[in-house]
Amino acid sequence: MTPDSMAAAIREVLVAIAAEGAFAIAVPESVHIERPKNREHGDYATNIALTLAKPAGVAPRDLAQVIASRLDAVAGISSTEIAGPGFINIRLDSATQGELARSIVTQGASFGHNTALAGQTINVEFISANPTGPLHLGHTRWAAVGSAIANVLAAAGAKTASEFYINDRGVQMDKFGASVMAAAKGQRVPEDGYHGGYIIDLAAQINAEEPELLDLPEAEQLVGFREAAYKRQLHQQQQVLSLFQTHFDVWSSERALHDSDAVETGFAKLRAQGHVYVQDGATWLRTSDFGDDKDRVLIKADGEYTYFASDTAYFVNKRDRGFDICIYLLGADHHGYVNRLRAVAQCNGDDKTAAEVLIGQLVKITKGGQEVKLSKRAGNIVTLEDLVEEVGVDAARYSLIRYPVDSPLTLDLEVIAQRTNDNPVYYVQYAHARLASVLRNAADLNIDWLSAEFDPGLLSHERENELLGSLGEFPRIVASAAELREPHRIARYLEVLGGQYHRFYDACRVLPRGDEELTSEHIARLWLCAAARQTLANGLALLGVSAPERM
RNA sequence: GCCUCCGUAGCUCAGGGGAUAGAGCGCCGGUUUCCGGUACCGAAGGUCGCAGGUUCGAAUCCUGCCGGGGGCACCA
């Protein structure tokens, strides 16, 4: 029995009580079920009597008593008790609880998937860097968290697309092109250009692969180098992100947005809504109608589109592509965008929640307790690639995801590279590897637990009960992580689950020792192991972290 | 000035109204003939920044204050 089916069972009881009319209770849509921290309070507890009693004008404990006595008759519930002001504590019989292991093994990779967000179509945009250089550490948190959010939303039943908005338009691109061209010709890179060592490398690569560019007239040459460098730099970013287990469904180009009629279409829509006006020669969007502290310029007096114009048109474009909700992951330095984007949504005639902005705090890097200055000159880590080289993909992703994005974060490179308990990612992965090992050993012993008779009632040890209880929480954890856009909940859950498993393993022998005979208990425990392994693997997959068979 | 995030154990941090506030690290002390000890068990350690409010119940929601981070372009 899962928390969800428990909630459904309780709701049925409430419906029955309400129908009889003795208590004037309003049956709620959903019943809150929690897993008590204290084991003595049962497998599950509900506060339902507490919340319904006052409106119904009855004493909470009296109502609890009526509900509890009916729950006692529900199949799978072994006992109930009233506690404190009116909690109902519920215990399951171990066979009902143990059935969960079978259910998880049967569901396999889809265990944890749910329908919390079914029917929603959500766009998650993150990173969205200029293609003028390597992705740096600032982008790395969004790469990890953004991809995890997209995974989690999809697991919760939302139709989801992750999207990278390529900022390939504007003067930065020209500066980038000019810098590479100068380097290719052995000239000094312009003062306001890009100066990283990668510019030299790009120039050398382009000289080798497209030598004809050097023969072009000056004006065409700049465009040629800009485009050649753009193509290669974008490709480099895509390679690194792929390595970093960060997948994008859509790569959207700002330039393509302007080349198509999307900008004019978008503006026309906003004009029709009556939120565009001209003043001092510039074209403005009246965002202040919707909580922004001032109106924003779309087209400057000199006829140039602002960056905000692109953002606005892009939002309208995403909505036109069918996304109900557009999530943006932005750094703390962009928090001024929150009201602006919400206002754009409202100017477009949407609810302000159609534009959802997640603001992330910056990451501070330390090494052995010493702050690492993000300075290329000092030879320290500055790019996503550097971080991966230093600590690996799994450790980097996991460490970035396990904290809420709105809290500032300090990562110690020494700690997250360690293969010890200091490092939660190894604790979780180790639990998975240990589990995989037990299942491997079972196979070596020719124990075919999958086709053997499984008696779930044998999973009655306290540690088995706790492990099963945690396993049952997984779908709810995924659902809440999706609803709140907080994938760190998955990571924290996996740490708890890993701990539950280690404690179970410590107390409960799974495989027969030596020449000991195979019993039904061994089989039942193998089912539990398989369920735990599956759940850890599913959770890690949502985070884009590997679930190793061996470490 | 306005906006925004944060303030919980020595440190790094979890805790979307529930029962005795948790984890890891660090410190102290334990556990192994045999499934991976990268594990497990125990101890010490807290006025949840402060003050009000809402509630049967507040670390959690609301208001104010204090302290700290970040941001407030016809830049991209």
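## The protein chain at a glance

Chain A has 19 helices and 15 strands. Keep in mind as you look around that this is a predicted model. Along its principal axes, the C-alpha trace of chain A spans about 85 × 65 × 40 Å.

Chain A counts 551 residues, and 52% of them are buried. Its accessible surface comes to about 24,300 Å², with 49% of that area belonging to carbon and sulfur atoms.

## A three-stranded sheet

Let's turn to one sheet in detail. Three strands build an open sheet with mixed pairing, and their order is E14-E13-E15. Strand E14 (370–371) and strand E15 (409–412) are the edge strands, each pairing on one side only.

Strand E13 covers residues 363–367 and pairs with E15 in the parallel sense, over four bridges. To find this pairing on your screen, look for Lys364, which stands opposite Thr410 in E15.

## Where the RNA lies

RNA strand B is surrounded by 63 residues, and the closest are Lys54, His335, Tyr337, Arg434 and Arg513. Sorted by class, this surface has 26 nonpolar, 17 polar and 20 charged residues.

Which element gives the largest share of the surface near RNA strand B? That is H18, with seven residues.

What share of the atoms of RNA strand B within 4 Å of the protein belongs to sugar or phosphate? The figure is 58%, and the rest belong to bases.

For the phosphate, a polar side-chain atom of His488 lies 2.6 Å from a phosphate oxygen of RNA strand B. For the bases, an N or O atom in the side chain of Arg489 is 3.3 Å from a base nitrogen. Leu511 uses its backbone instead: one of its backbone N or O atoms lies 3.2 Å from a base oxygen of RNA strand B.

How values were computed: Residues numbered from 1 in each chain as written. Chains lettered and ligands numbered in written order. Predicted model: local features only at pLDDT ≥ 70, side-chain atom pairs only at ≥ 80, totals over all residues. Heavy atoms only, no water. Pairing = 2+ DSSP bridges. Helix = DSSP H or I, 4+ residues; strand = E, 2+ residues; numbered from the N terminus. Near = heavy atom within 4 Å. Polar contact = N/O pair within 3.5 Å; in protein donor to acceptor, adjacent residues only side chain to side chain. Nonpolar A, V, L, I, M, F, W, Y, C, P; charged D, E, K, R; others polar. Buried < 20%, exposed > 50% of the residue type's maximum accessible area, 1.4 Å probe, protein only. Areas by Shrake-Rupley, 256 points an atom, 1.4 Å probe, with all protein chains shown as cover.
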